[in-house]
Amino acid sequence: MATQTSSSQRDEKSKDAAPEYDPDQNPEEKEKIRMGYREQIRDLEERGKDLKTLQISDIIDKINTADEAFGEVRAPQEAMFDSRLLNLAATLSTAKVRELRHDGGGFDTGDFIAKMVTFMGGNRAGINDADSDVDDQFEIDLDWKKLGWRSLAYSRRAVGVDAMLGPLSFEQKKREVKKRSKQEKDDAPIVQPVEIKAEEIEKDENETSNNVLELSKMINSVASNQSVNLFRIIINPHSYSQSVENLFYLSFLIHEQRVAVEVDPQTDELMLYACEPATEDDYKDSDLRRVQSVWELDYETWQMAIETWDIREPLFPTRPTPPESSYRFYNK
């Protein structure tokens, strides 16, 4: 009941003081208010760890201290500390009531009702009799006004019995239970991935090295003393895939500086010619430098190169197509 009295006092003080929001409040004052709230909250939390030693008077003192500090609050940030303190006080008060002991034992509801009946002028005899009906025995004899006037000394507001605790009509949603269908087993044959052996990888590497060597020999034979159009070297009009492979092999020769590529200043064509790898002295004595670029040879460019330069036969001979089973990376 003391907590209710303190709360009503706070309401009256709040109406009289009527603190207003002040965004320009002195920062030192705001920090002082926050430190005070933090200290009170910390102290109340420490005391709340042991409910047996915690007294209701301790909680009331904290609430009174918060009432005094609340008069200086001018911003929501400090008001949050005040709310936190009041929430903690209410929680500890509830826990303290639950731990309440009467005459060294647990709270006896029947004994409490018997004393209330006696206070209201009823006859206490027969209450502890299991066969007697307490409600029927004291329904007429009890003086409820006496209890009401006694309660009036502690509270002037009676809780109404007609408070709406929820919607007038409530329809509970039914949970729909969906049947889980079992996954159908796929009867399709299981395809096992193709196992690639180490000797097959070595064979592919040797094949790439041989093709790079053969391309180098061909370029040395046709472009040792003169430059040749790049597309005439790599384009195979009979196979788009081998044309892409030829460009791949050519990139090794360019990286190893066995072939050089330049742009013809008159025709703007990409020309290449055989050369010797440059030494460190060549880099020092001239403006020679390494340049990296990314080339793309799509199907449309391949067709356009065949038509533009009228390529009928490849300079780099067409390689025999391996058996279908050897394309392990493309099998499904």
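These legends walk through a few close-up views of a predicted model. Residues count from 1 along each chain as its sequence is written, and side-chain values use heavy atoms, leaving out hydrogens and water. Local features here need pLDDT of at least 70 and side-chain atom pairs 80 or more, while totals for chains, interfaces and linings use all residues.

View A. Strands β4 (residues 259–263) and β5 (residues 270–274) run antiparallel, joined by five bridges. Strands are DSSP runs of E, at least two residues long, and helices are runs of H or I, at least four, numbered from the N terminus; two strands pair if DSSP finds at least two bridges between them. Look for Val261, whose bridge partner in β5 is Leu272. Six residues sit between the strands, and Asp268 in the turn has a positive phi of about 60 degrees.

View B. A salt bridge puts a side-chain nitrogen of Lys or Arg within 4 Å of a carboxyl oxygen of Asp or Glu. Asp58 is buried at 17% relative accessible area, whereas Arg47 is partly exposed at 35% (buried is under 20%, exposed over 50%, partly exposed in between, with a 1.4 Å probe and protein chains only).

**View C. Glu46 and Lys49.** This salt bridge also has its closest N and O atoms 3.3 Å apart. Lys49 is exposed, at 65%, and Glu46 is partly exposed, at 48%.
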